[in-house]
Amino acid sequence: MKKHNATNERMKRRYFEYLKEARRYSEATLDAAAKALDRFELYTNYRDFSAFHIAKAIAFKRHLTEQKAKQSGKELSKATLHSTLMQIKRFFQWLAAQPGYKSRIGYSDCEYFNISDKDMRIATARREQKFPTVEQVKHVINSMPSGTEIERRNRAVVAFTLLTGARDGAIASMKLKHVDLVTKSIDQDAREVKTKFSKSFQTFFFPVGDEIVMIVTTWVQYLREEKLWSNDDPLFPATRVVVGANRQFETSGLERTHWRSATPIRQIFRDAFVNAGIPYFNPHSFRKTLVQLGERLCKFAEEFKAWSQNLGHENALTTFLSYGEVGCHRQGEILRDLGRPSHPMQPEVEKLAAAVVKQMRDSGLETNAGGRKAAREITSPSDGRTSVTAS
């Protein structure tokens, strides 16, 4: 049974180089394209790409709908079908413009990889994404042990993620010099920190509680003052693994190097949440937690703009559209509140206004309009507090 096609491999290599160098796509995108093409080649028994025909595209779509996911054993989701077919479609669109393939593959032939409009709507529908509350995260942090330096590091990683909203890739590459305890901020310098789109920005600590700040502060001071590490040393170092007395690998403190990837951070989160009796939430979900907190705390547009910039978003709309959707539970609360009287404290407000008017009259303050005094009630829609001024 064939396992590869030399001509196909050369064209795939050129295509991946095009995606990386010309389109500037990430390695994750290249991996997704390679996986999709491997599915297609396996189905066609590695037949030459130049032999492509629209009948093959139609048959491959039908083949995919019959496949089962390896982990769940269920049919592939519409989202998986859509992403796989779109990767293959883009490849053949590129291939149709290459010498030796122009006369064999029509650009419009690639449209046969499209799924139906119905399946497209299912595949691209926005779904509510779960995220923890600040109280849940604090419960997890308080449940984490802190006896060894590895345990203190793990606890500080979770606290740092809540405090800054930094992505796990950035956290894994961050150095001690990027944290400023005086200004309570971190410098996400793209020259050294693996930020999204290699964007540099400064993040100030979010107001999530002094106890969270203390955990991070204590960790930084431990590395600087007790371990005597320098500015260029990792903020969250990797675990040192050695061969123990029984000739088996075991952990032995911290290595003075960075993690190679963010995978260990996600494992720390998984273990912490499971041990605390709470369903697992990945590090990225904390950004949604912080956006929800910002929606409650920010009263003015300028405040939310600053909150958005603190997450690394140039446009506040990005924060609203990507992270600020209203959860179903909160949606129900809002609708129930809207069905209640607009001013539940109105009787008390009226009593207060009447008392103020009486006091002004007793003090001899009269108006020219028949000796009557009017009072204008000003109620703040944000906090419900009321003030009364003379008019």
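**Pockets and cavities**

Reply: By class, nine nonpolar, eight polar and seven charged residues make up the lining of the second largest pocket. Ala, Val, Leu, Ile, Met, Phe, Trp, Tyr, Cys and Pro count as nonpolar, Asp, Glu, Lys and Arg as charged, and the others, Gly among them, as polar. This is a predicted model: local features need pLDDT of at least 70, side-chain atom pairs count only at pLDDT 80 or more, and totals for chains, interfaces and linings use all residues. Residues are numbered from 1 along each chain as its sequence is written, and side-chain values use heavy atoms, with hydrogens and water left out.

Me: Which residues lie nearest the centre of the second largest pocket?

Reply: They are Arg167, Lys194, Thr195, Lys196 and Phe197, out of 24 lining residues. On a 1 Å grid over the protein atoms alone, a pocket is an open set of points with protein on both sides within 12 Å along at least five of seven lines, a cavity is a set where a 1.4 Å probe fits but cannot get out, and lining residues have an atom within 4 Å of a point.

Me: And how many cavities of 30 Å³ or more are there?

Reply: The structure holds two.

Me: What lines the largest cavity?

Reply: Its lining includes Phe40, Arg47, Asp48 and Phe92. By class, the lining has five nonpolar, two polar and three charged residues.

Technical notes. Grid points are joined across faces, edges and corners, and a volume is the space filled by probe spheres set on the points.
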